[in-house]
Amino acid sequence: MGSTLFVIWKKNKKLIIPLLLFAAVSGVMMPLIVKCEEQVVDVILVFLEGAPVSWEIISPLLFLAGGYACTYLMPVLAELLYERLWMRLDTYFGRQRIGKMQRIQYQCTEDKEVLDLYARIEKNMDQKLGDLVRNFCDLLSAMIGVVGFFTIICSVSAVSAVIFALLFIVLLFFADRSAKNFFSLNRQFAETERRVVYLDSVENTKQYAHEKKLFGFTDYINQKRSSFLLGQRKEMRKYDYKYGLTFSMIDTAGYVCTVLLMIAMLPGVLQGRISIGLFIAASHAAANLNLSTQNKIRTVFNGLMEQRRFWKEYNDFMALPDQGGMAAEGEESGAAAAFESLEFKDVTFCYPNGTKVLEHMSFCMEKGKQYALVGENGAGKSTIVKLMLRLYEVEEGEILLNGRNIREYGQQELYRCFAAVFQDFSRYYVSVLDNIVFGKTQEPDRAQRALEEMELQERISRLPDGVNTHLGEIYEDGVNLSGGEWQRLAFARALYRDAPVILLDEPTSALDPIAENEIYNHFGRIARNKTTLFITHRLASARMADEILVLGGGRVVEKGSHDTLYGQNGLYRRMYDSQKKWYTGEGKEA
Ligand code: ADP
Ligand code: MG
């Protein structure tokens, strides 16, 4: 947290210095006003005894009025500064956080804990940024106020000051304890909250509407939800009870001491050592010491505790490893324009959690040929794609693009070689055209061609706004496509990209085997001149490929055309035969 504070301080001195000043002044103001009240009471008494109106009588009144005006005006001004500070911090930290998420090692983005951490940071950042400087300023003004009140009490009774100091130390001790307790409760509640938020999201999405109706989920969800919340409320009540009692006892002790102080002052008042004004001021100071500081100090302690946790999580997130290891961007070798080959050479790979996927695997893809990568679910097909895109590093062996290790290319240069459609392809809720050209300069003609090639142009031309129609239900005029249509749109996006290598990682696995077969064949025809890698666990979809790579036991065990492989009587043939029934209507896919 310290380093973050330093950054915030360095970048925003011009806003923080006045805020600290305001805080200090408002801290000084509290006891000063009490002191002013003392003077006012004394001069009014003098005035009532018949003294003429003079500057000595009027000035305390003016000071008091000024003091009040100050205490009411300053927070308004401070609010404006806080608002500006918040905007600056929000922009700065927002950028840091998003930038980090983009740079971060790919494997972190597949890690649920990292994703949770990120979600927590994103959710809490607004509030934490708003409160950070405020917490320190509040602490500063409370502490200055306390010192001021002590000074006033000290001036009438040193013994009382010592008693109040002890009481104050007890207050600090319990404020700290209650903050820690509150903090650990909140941590506990975070888990409950995650569950409730999840249940709410189930309840609120349209997605499961029929299922929820049919199975009566709503009652189940409501019941779960209230049992979570009830448990939380019970814990909270316990906390409230425990600390509510403690603090009201401290409070009561404070008031008893105040009364004792008043009694202790009486002889002084009678002897004229203590003026009526001072008597009132000191009583006020003692009462204030409890009332105004207690709440403030508790809030600040709770706030700082939360801040500490938040910034620890933030720093943990920022310290996660970056993707790194890429060659510097800029030194283009024209790999995308002059694609020749992509080769896996004796590659061994294991996920960070120890799952061994590839072992001494080799294969080569050459320009202009169509390849199919087949293998059962979990054989490692998608992993091969992730390795090609350098989302993970290989441990042993190398991946060569045009004969050079892919590590020697810049990230953008490497990415320009590939267009891909993945299993969980995205449905972007933007216009049809933007779905295709996404982030690239718009070339509507080429986009049209891609749509035509995917046989979507007719469907799109029937939409109210043609290619400019918004897709998805987040728009009032938004149109939704069917699953198959979304899929073909994703293919059109890949075609438009015009990269030399197209990767299709089972984007059609949600379709039935026959539909997948059709769409792969169709795509194979239109992408004839490209280097294409069709990935599938359904062997019939791979038939038209020039070369089929059969993945088994972490390596390519067979390769060749369909006819060759089928003739070999190996793994390919066994799998092919066992899948035959998927296409004849005899059996369902296992
Ligand atoms: P396929 O695409 O052939 O179905 P994958 O390449 O997705 O198979 O997965 C290969 C193996 O690696 C599977 O056993 C899978 O459970 C495992 N795996 C996939 N992703 C990860 C990951 N991020 N961390 C750990 N293991 C993974
Ligand atoms: Mg896969």
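**Pockets and the ligand shell**

Tutor: Three helices, α5 (112–156), α6 (158–204) and α9 (276–318), each put at least two residues into the lining of the second largest pocket. Keep in mind that this is a predicted model.

Student: Which helix gives the largest share of the lining of the second largest pocket?
Tutor: The lining of that pocket has 37 residues, with Arg120, Asn124, Ala190, Glu306 and Arg309 nearest its centre. Glu306 and Arg309 have numbers that fall in the 276–318 stretch. The largest share, 14 residues, comes from α9.

Student: How much space lies in the largest pocket?
Tutor: Its lining counts 37 residues, and the closest to the centre are Leu389, Tyr415, Ala420, Phe422 and Tyr428. By class the lining has 20 nonpolar, 8 polar and 9 charged residues. The space in this largest pocket comes to about 1,300 Å³.

Student: And which element gives the most to the lining of the largest pocket?
Tutor: Several elements supply at least two residues each, among them α3 (55–103), α10 (381–388), β6 (418–421) and α15 (483–497). The top contribution is 5 residues, and it comes from α15.

Student: On to ligand 1: which helix gives the most to the shell around it?
Tutor: The shell has 15 residues, the closest being Glu110, Gly378, Lys381, Ser382 and Thr383. Lys381, Ser382 and Thr383 carry numbers within the 381–388 run of α10. With 4 residues, the top contributor to the shell is α10.

Student: Which residue has a side-chain N or O atom 2.5 Å from a nitrogen atom of ligand 1?
Tutor: Let's go through the polar contacts. An oxygen atom of the ligand is 2.8 Å from an N or O atom in the side chain of Ser382, and an oxygen atom is 2.9 Å from a polar backbone atom of Gly380. The 2.5 Å pair, with a nitrogen atom of the ligand, involves the side chain of Glu110.

Student: What percentage of the area that ligand 1 exposes when taken alone does the protein bury?
Tutor: The shell doing the covering divides into 4 nonpolar, 7 polar and 4 charged residues. Taken alone, ligand 1 exposes 560 Å². Of that, the protein buries 69%.

How values were computed
Residues are numbered from 1 along each chain as its sequence is written. Chains are lettered from A and ligands numbered from 1 in the order in which they are written. This is a predicted model: local features need pLDDT of at least 70, side-chain atom pairs count only at pLDDT 80 or more; totals for chains, interfaces and linings use all residues. Side-chain values use heavy atoms; hydrogens and water are left out. On a 1 Å grid over the protein atoms alone, a cavity is a set of points where a 1.4 Å probe fits but cannot get out, and a pocket is an open set with protein on both sides within 12 Å along at least five of seven lines; lining residues have an atom within 4 Å of a point. Grid points are joined across faces, edges and corners, and a volume is the space filled by probe spheres set on the points. Ala, Val, Leu, Ile, Met, Phe, Trp, Tyr, Cys and Pro count as nonpolar, Asp, Glu, Lys and Arg as charged, and the others, Gly among them, as polar. A residue is near a molecule or strand if one of its heavy atoms lies within 4 Å of it. A polar contact is a pair of N or O atoms within 3.5 Å; within protein, one must be able to donate a hydrogen and the other to accept it, and residues adjacent in sequence count only if both atoms are side-chain atoms. Accessible areas come from the Shrake-Rupley method with a 1.4 Å probe; for residues, only the protein chains shown count as cover.
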